[in-house]
Amino acid sequence: MAASALPVGMLSPHVTRSPTPLSRLSVLGVELVRRELQTLVQQGMGWQDCEVDNHGADAGRWPAALVRPAALVSAWLTEARQKTTVTCHWSRSISQLNPLTSASGERIWQAVDQHGDVVSQSPVVVIASALGSLELLNSSSPSLDHDVLPLRPVKGQMSLSALAGSPLAARPQRNQGVYVPCYEDAGLSPRWPVRIWAMGSTYERGQDNRTVTDEAHLRNRHSLEQLNHRAAQQLESDRVNGRLLGWSEVRCASLDRLPLVGALPDPQAWARCWTPGRRRPPPIRDVPRLGGLYTVSALGSRGLSLSTLCARTLARQLHGETDDLDSGLVDALDPARFMWRQARRRPSAGV
Ligand SMILES: Cc1cc2nc3c(=O)[nH]c(=O)nc-3n(C[C@H](O)[C@H](O)[C@H](O)COP(=O)(O)OP(=O)(O)OC[C@H]3O[C@@H](n4cnc5c(N)ncnc54)[C@H](O)[C@@H]3O)c2cc1C
């Protein structure tokens with residue numbers, strides 16, 4: 001886990017005045033994750049039901065939940081192990097995916113690690129390695145480059161500290177960032193105190209380092225000042241007394257800030273089949289795909305809210321089941337969309 005290793009994050013709908021793909025996805029996504037948490041994880045051992053006060057343009061109080069994603073991932077693994085066989089290869093980096101042809105003529109993908117050892121092979125591979133997805137896919141299929149899959153790093157830092165007395169607000173507050181006045185979770189220990197307050201997170205576009213900085217703490221203090229003056233004072237006093245803790249990681253965001261979910265496009269086949277000079281490209285669903293290669297990535301700053309929905313959408317596609325998202329949302333998540341849009345913008349130039 002990288003970005004998903006955060007000590008506490010928030011599930012809450014992305015509220016907009018009129019619906020956007022992201023706001024619609026987040027409403028559906030939050031509901032699904034909440035159900036998973038209620039079924040699989042005990043409150044206080046990885047999540048906490050709550051509401052959030054929105055102070056932004058769309059002010060109001062919304063249902064929310066605080067969650068430590070590792071607890072949910074661990075519960076999912078336990079559940080999967082009860083139902084099927086799961087083999088985990090922890091701490092092995094995949095550096096290459098080689099396309100092979102099986103004896104029956106089927107294409108299979110072979111995953112090779114940094115030492116050149118084969119880790120596994122399968123006719124179906126789902127790449128869910130956030131920013132690492134681009135490098136891996138590019139090394140396996142060079143035409144899957146930054147233009148086809150425009151993924152960007154966005155560093156985020158959270159400031160947190162042990163909460164000794166009463167929380168300084170009744171519930172989380174959100175505007176430029178989220179203030180969590182109190183989160184208690186037995187599973188936070190030993191890395192973090194069992195009871196914390198937290199403010200996060202910075203949004204540093206283009207930054208891909210994971211260093212916790214004082215400058216980011218100060219930015220969080222500034223954002224917290226807009227939400228709760230006493231909490232901002234507490235952050236500052238913990239900072240100068242050396243009690244303030246930080247957690248920093250890199251989000252993976254796409255150019256249009258929506259996740260990538262589905263079969264990966266085959267740019268070379270697309271360049272062959274789409275005749276330059278045609279007025280419009282064919283529908284996005286007719287874009288040729290790299291058989292067997294799929295992705296769920298670019299979850300951006302909403303990964304906790306969107307992960308279950310995205311995974312379920314892909315699972316339905318893999319099993320040939322009808323999507324429960326409408327076709328507009330499925331197309332909005334399609335990993336082929338950037339390549340397809342380029343063709344639509346420049347109908348005679350090819351890709
Ligand atoms: C500070 C911060 C605060 C956030 N707060 C929230 C929040 O409140 N609410 C919310 O919804 N979201 C939040 N997010 C976003 C959320 O954490 C992410 O969207 C989500 O965790 C992304 O999950 P992921 O599995 O796609 O990527 P990650 O969790 O980043 O996992 C990617 C994994 O791929 C592995 N990997 C990469 N390359 C390879 C390779 N070649 N071979 C093998 N493995 C590889 C990495 O080691 C890593 O384990 C926050 C993010 C940050 C940084």
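Hi everyone, thanks for coming. Please keep in mind that the model is predicted.

Let's start with the overall build. The protein has nine helices and 15 strands. Its radius of gyration is 22 Å, close to the 20 Å that the globule rule gives for 351 residues, so the protein is as compact as a globular protein of that length. If you draw a box along the principal axes, the C-alpha atoms fill roughly 65 × 45 × 35 Å.

Now, the inside. Of the 351 residues, 39% are buried. Looking at contacts with a separation of 6 or more, 69% are between residues 24 or more positions apart.

The largest nonpolar core has 81 residues. Which of them touch the most other members? Those are Leu 11, Ala 65, Leu 66, Val 67, Val 180, Ile 196 and Ala 198. Take Leu 11 as an example: leaving out residues up to four places away in sequence, Leu 11 touches Val 30, Val 33, Arg 34, Ala 64, Ala 65, Val 67, Leu 304 and Ser 305.

On to the ligand, then. How many residues surround it? There are 29, and the closest are Ser 4, Gly 9, Gly 132, Gly 156 and Gly 303. Strand S1 (9–11), helix H3 (132–140), strand S8 (151–162), strand S13 (245–254) and helix H7 (303–318) each supply at least two residues of that shell.

How values were computed:
Residues are numbered from 1 along each chain as its sequence is written. This is a predicted model: local features need pLDDT of at least 70, side-chain atom pairs count only at pLDDT 80 or more; totals for chains, interfaces and linings use all residues. A residue is near a molecule or strand if its C-beta atom, placed from the backbone, lies within 6 Å of it. Helices (H or I, at least four residues) and strands (E, at least two) are DSSP runs, numbered from the N terminus. The radius of gyration is taken over C-alpha atoms; the globule rule is 2.2 Å times the number of residues to the power 0.38. A residue is buried if 20 or more other C-beta atoms lie within 10 Å of its own, exposed if 12 or fewer, and partly exposed in between; C-beta atoms are placed from the backbone. Two residues are in contact if their C-beta atoms, placed from the backbone, lie within 7 Å. A nonpolar core is a set of buried Ala, Val, Leu, Ile, Met, Phe, Trp, Tyr and Cys residues joined through C-beta atoms within 7 Å.
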